[in-house]
Amino acid sequence: MPSSSADFDYEATLAACARGERSALQALYAQEGGRLLGVVQRIVRERALAEDIVHDACVNIWTRAAAFDPTRGSARGWIYSVARHLALNAVRDGQREVAVDEDTAATLDARAALEAWHDMADAFAWQASAGRIAHCLEQLEPVRRNCVLHAYVDGFSHGEIARRLDAPLGTVKAWIKRSLAALRECMT
Amino acid sequence: MSTRNSAGLSADDHELAGEYVLGTLDAARRRAVQARLADEPALQAAVLAWEERLLPLTELAEPATPSTHLWWRIERSLDALTTPAPRPRPAAPPWWRNWHSLPLWRALAAGGFATAAVLASVLVMREMEPPPATRFMVVLVAPDDKAPGWVVQAGTSSRIELIPLGSVEVPADKALQFWTKADGWSGPVSLGLVTPGQRLDVPAGKLPALQPNQLFELTLEPRTGSPTGKPTGPIRFVGRAVKVM
């Protein structure tokens with residue numbers, strides 16, 4: 001059973017990986033392997049591919065640990081960014097998004113946008129999220145919050161979010177833009 | 001923290017960094033951001049800031065239990081990084097498959113003959129061509145009628161090519177999955193799903209260096225691949241790697 005992330009020294013573990021201590025990577029894997037696999041599997045939606053990506057992520061973490069700079073971000077954040085990056089590359093490279101005339105789509109589907117906007121249901125139990133992000137997510141309208149969460153947690157593209165929320169693509173893009181701006185302002 | 005270095009960045013670039021971390025950029029725009037990151041510390045700082053901001057949301061994904069062989073795979077890859085030609089470890093008991101099956105070994109023997117035949121033609125071709133990059137070759141044959149169905153080529157470059165020699169019938173709800181296992185590995189490793197009649201390019205970067213006698217096989221699995229991460233269905237084609245001198 002992994003210990004809580006507060007009790008685990010991620011920075012020291014990466015430093016040990018950089019020194020070539022295999023046991024450090026093994027400890028990190030025992031600590032985060034299951035969570036990393038969960039995050040990656042949610043994005044790529046396929047078990048075998050998810051394990052391939054966690055494998056690649058661990059090899060990447062091992063070989064790049066020396067390049068991790070603790071003055072620029074947290075070690076745990078870095079580990080997840082390596083895994084999510086590989087997962088997102090895998091799903092984005094594998095798909096061909098159809099280009100849509102955004103303006104036309106937005107105009108024609110203004111009604112759908114209005115309906116989607118009124119969909120107040122939360123798709124995620126985000127309230128439990130630690131730290132400032134929960135407070136800032138609360139400031140967003142539910143539909144914009146769902147856009148952000150479908151993108152980050154499910155790895156959905158703009159098009160997939162539009163289909164899921166039954167909202168026009170251009171509108172979804174605008175919602176995400178504004179949500180990011182609001183989150184940055186709230187969290188800075 | 002990282003935000004202080006991204007102070008001079010435009011609002012557009014902050015938003016671009018956010019979408020990059022969020023994952024909503026398409027493949028081309030992702031690559032464009034990646035290309036810029038190397039030379040633009042301010043953009044890099046903005047990306048790092050977004051990674052930190054959004055990290056708590058990883059908790060929204062249910063953890064999963066990795067299969068037991070995943071850590072072994074990782075270890076093998078680390079071995080391959082430090083040792084160019086990893087020494088085979090003592091053979092583990094073949095718990096996932098009956099390796100003593102007579103048809104399997106007959107098929108492998110037939111594969112050996114088929115490989116010899118293909119190698120003979122390769123040798124003839126070598127007279128006329130510059131030395132090819134291929135270092136290993138495998139002919140995969142059907143266990144029942146020994147008919148060669150596929151050829152695997154692995155060069156010095158980091159990829160393995162699976163080349164069809166003909167078309168293969170696969171039931172609509174099934175798929176062919178490509179596996180390999182070297183002596184001393186704890187189990188076969190999936191190289192992906194195969195479309196009948198189509199060539200498959202596997203980046204070998206995630207695999208240790210190929211070994212002589214390494215086993216390759218195609219098994220019939222559910223349409224989305226083996227649910228266990230190990231071969232579950234019947235072997236349709238099988239063969240062993242032969243070094244091309």
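**Close-up views of a predicted two-chain model**

Over all chains, the count comes to 15 salt bridges, a salt bridge being a side-chain nitrogen of Lys or Arg within 4 Å of a carboxyl oxygen of Asp or Glu. The structure is a predicted model, in which local features need pLDDT of at least 70, side-chain atom pairs count only at pLDDT 80 or more, and totals for chains, interfaces and linings use all residues. Residues are numbered from 1 along each chain as its sequence is written, chains are lettered from A and ligands numbered from 1 in the order in which they are written, and side-chain values use heavy atoms, with hydrogens and water left out.

**View 1. Arg19(A) and Glu21(A) form a salt bridge.** The closest N and O atoms of Arg19(A) and Glu21(A) are 3.0 Å apart. Arg19(A) has a relative accessible area of 58% and is exposed, while Glu21(A), at 33%, is partly exposed. The classes are buried for under 20% relative accessible area, exposed for over 50% and partly exposed in between, with a 1.4 Å probe and protein chains only. As a general point, side chains of opposite charge can pair when their charged atoms come close.

**View 2. Arg47(A) and Glu51(A) form a salt bridge within helix H3 of chain A.** Helix H3 of chain A covers residues 47-64, and the two partners are four residues apart in it, about one turn of the helix. Helices (H or I, at least four residues) and strands (E, at least two) are DSSP runs, numbered from the N terminus. The closest N and O atoms of Arg47(A) and Glu51(A) are 3.0 Å apart. Arg47(A) is partly exposed at 31% relative accessibility, whereas Glu51(A) is buried at 5%.

**View 3. Glu161(B) and Arg199(B) meet in a salt bridge.** The N to O distance between these side chains is 2.2 Å. The pair links distant parts of the chain, 38 residues apart: Glu161(B) lies in strand S3 (residues 159-164) of chain B, and Arg199(B) in the loop between strand S5 (189-194) and strand S6 (200-203) of chain B. Glu161(B) is buried, with a relative accessible area of 16%; Arg199(B), at 48%, counts as partly exposed. Elsewhere, Glu32(A), Arg35(A), Arg76(A) and Glu59(B) are joined into one network by salt bridges that share partners.

**View 4. A disulfide joins Cys136(A) to Cys186(A).** The S to S distance is 1.9 Å, and a disulfide is here a pair of cysteine sulfur atoms within 2.5 Å. The search of the whole structure finds one disulfide over all chains. With -80° about the S-S bond, the link of Cys136(A) and Cys186(A) is left-handed. Cys136(A) lies in helix H7 (residues 132-138) of chain A and Cys186(A) in helix H10 (residues 169-187) of chain A, so the link ties together parts that are 50 residues apart in sequence. Both Cys136(A) and Cys186(A) are buried.

**View 5. The sulfurs of Cys17(A) and Cys58(A) are too far apart for a bond.** For Cys17(A), the closest cysteine sulfur is that of Cys58(A), at 9.2 Å. Cys17(A) is buried at 2% relative accessibility, and Cys58(A) is buried at 4%.

**View 6. Helix H4 of chain A crosses helix H2 of chain B.** The axes of H4(A) (residues 75-93) and H2(B) (residues 27-37) come within 9 Å and cross at roughly 140°. Axes are lines fitted to C-alpha atoms, for helices over the stretch in contact, and angles run from 0 to 180 degrees between N-to-C directions. H4(A) and H2(B) are therefore oblique to each other; angles under 35 degrees count as roughly parallel, over 145 as roughly antiparallel, 65 to 115 as roughly perpendicular and the rest as oblique. His85(A), Leu88(A), Asn89(A), Arg92(A) and Asp93(A) meet Ala27(B), Arg30(B), Arg31(B) and Gln34(B), where contact means heavy atoms within 4.5 Å. The residues of this contact of H4(A) with H2(B) divide into two nonpolar, three polar and four charged.

**View 7. Pro231(B) lies in a loop of chain B.** The loop runs between strand S7 (215-222) and strand S8 (235-240) of chain B. Pro231(B) is buried, at 8% relative accessibility. The C-alpha atoms of Pro231(B) and Ser190(B) are separated by 8.3 Å, with the two residues 41 residues apart along the chain. Chain B has five helices and nine strands, and buried residues make up 50% of its 245 residues.

Definitions and conventions
Nonpolar A, V, L, I, M, F, W, Y, C, P; charged D, E, K, R; others polar.
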